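Open your viewer and get ready to click along.

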Amino acid sequence: MSVSPEQVRHIAKLARIAMSDEELERLVPELNNILGWVEQLEEVNTDGVEPLTAVVPNQLRLREDKVTDGDCRDDVLANAPVAEHGFFTVPKVIE
Amino acid sequence: MSDLTSLSIAELREGFRSGEFTAREVAEQYNAAAAAARSLNAYTVETPEDALASAEAADKARGSDALGSLAGIPLGIKDLFATRGVDTTAGSRILKDFKPPYESTVTANLRKAGAGMLGKLNMDEFAMGSSNETSAYGPVISPWRRKDGGNAPLAPGGSSGGSSTAVAAGIAPGATGTDTGGSIRQPAAFTGICGIKPTYGRCSRWGIVSFASSLDQAGPMARTVRDCAILLEAMAGFDPKDSTSLDLPVPNWESGLSSDLKGKRVGIPKEYRIDGVPDDINVLWDRGIELLRDAGADIVEISLPHTKYALPTYYIIAPAEASSNLARYDGVRYGARAESEGGLDAMYAATRAEGFGAEVKRRIMIGTYVLSAGFYDAYFTKAQRVRSLIKRDFEQAFEKCDLILTPTAPSAAFALGDKSADPIAMYLNDVFAVPASLAGLPAMSVPGGLDSDGLPLGLQLIGRELDEQSVLNAGLAIEERAGFDAKPKRWW
């Protein structure tokens, strides 16, 4: 399979990365090179092989349902590029 | 005062405890060495006051029971570890000026053991790279140079290139690294030092900037195998804050060190003899086999039939996980935000376009594609199936052997710029390192010798799940016999 410029534009949109036409054009052969290379996996017979989900067998733990954290609003906001009145601030979403 | 920067961590610990020198003297010498080596671009931030404060606490506590295992030892910390109040950027513009209000579990463990911090170490952006050239701070320069008299700046390996350079150049006695597909072992090999990636789950990932969560593991980089054992003991341990952390006691790896390999079977995987690898690498591998035989090990040939599929498997799984993990960089909660026209979506897209470098974008794009509707099964699920087969290869091999010996990397350090234009050529550098990552196994690189250009080459030991001890022991056996004492000649 190879990707077209239109597909690359769509992937960039899904990934939320703004790209100029020149960048998109440059990426098409780059991505196709990498995809062509990883597609050698098609040679491998994986019939009846389960996809790996945990690399080391491990039980997911449950913890007691109680609050263990919180009361740190200023810490949470300290690195925000824009914060006002104790909230993260983003460009206007609703007109 | 003698040169304390030439001592190992074990020697620093001994000298500090016996009163031969103070922790303050150690910190002062390292602070000065780091400041004098800025041309290497190893540190992104220097924190001399942190190293001094920890040293003073160590000097005060000397002789008391309160002395931790790393009291009096200052360390370099890869910039992927969150350090409270100190810039943590993962080598990316998008995390510019990010100062975590919390400390990663691994660095908190090191602090609890008494270690101080010399500074944060440069790295490939989000740990994506094998040469340190993708860093927003510019590449680290290896302290090594080819003996042909040319001064071509060499890659320190990646992604933990700041860590490898700092340890090799004597501007940190040890450093933290992280390894997703070779990022501890390949830079250790390129710079003539030791580095171990433990079993997946040994070191908590909490507070380490995520790249590919099913692969990321922290580990130490240092000048000797013993130093790696000392550091790993302090870094490892169960952490309820990481759901994949292993709830197991931390073994006493240092006191368990023994280079007597009698009765150990070392497997040599025939699939790791690949075309196009310089002769020096295979000569080194053969020498490693002899050294382990001399230490008492039995050598057996083994087969890991899916080896050639490990890299393509990795380059589906790691970008897929990265595209998901890096979705959090949206210019809202932390990091940089770009100026943009339009609404929220335009702000996200502009922020990520400006904040991420070319390699990170490339991997996010690949990852987004292989996870997208219609392609998920063909790429991602397929890769996870092949990953099962790669893991099975190792399980079957470990019925015939206790350890595996391979070269760490298919070449010595290359020059900066040599591979940066060709992503796949760069990826191929991790051909020997990636399989153990996909299988979650402990693996270590130790220096084995120099190539014909006078550059260090590393040997890799891969062990069974949770058997770091055998890996360290075989590493020690090689270290004792290889007689590797080459150091880069100071030019910086």
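Two residues are in contact here if their C-beta atoms, placed from the backbone, lie within 7 Å. This is a predicted model, where local features need pLDDT of at least 70 and side-chain atom pairs count only at pLDDT 80 or more, while totals for chains, interfaces and linings use all residues. Residues are numbered from 1 along each chain as its sequence is written, with chains lettered from A and ligands numbered from 1 in the order in which they are written.

**Stop one: where the chains touch.** Select the contact: 39 residues come from chain A and 54 residues from chain B. On the chain A side, pick α1 (5–14) and α2 (21–38), which each supply at least two residues; helices are DSSP runs of H or I, at least four residues, numbered from the N terminus. α2(A) gives the most to that side, with seven residues.

**Stop two: chain B as a whole.** Now show chain B by itself. Its C-alpha trace spans about 65 × 50 × 50 Å along the principal axes. Of its 492 residues, 61% count as buried, meaning 20 or more other C-beta atoms lie within 10 Å of a residue's own.

**Stop three: a helix pair.** Select residues 225–235 (α7) and 468–482 (α15) of chain B; their axes come within 9 Å and cross at roughly 155°. The axes are lines fitted to C-alpha atoms over the stretch in contact, with angles running from 0 to 180 degrees between N-to-C directions. α7(B) and α15(B) are therefore roughly antiparallel, the word for angles over 145 degrees. Show side chains: Val225(B), Cys228(B), Ala229(B) and Leu232(B) meet Glu468(B), Leu472(B), Gly475(B), Leu476(B) and Glu479(B).

Key
Buried ≥ 20, exposed ≤ 12 C-beta atoms within 10 Å, placed from the backbone. Parallel < 35°, antiparallel > 145°, perpendicular 65-115°, else oblique.
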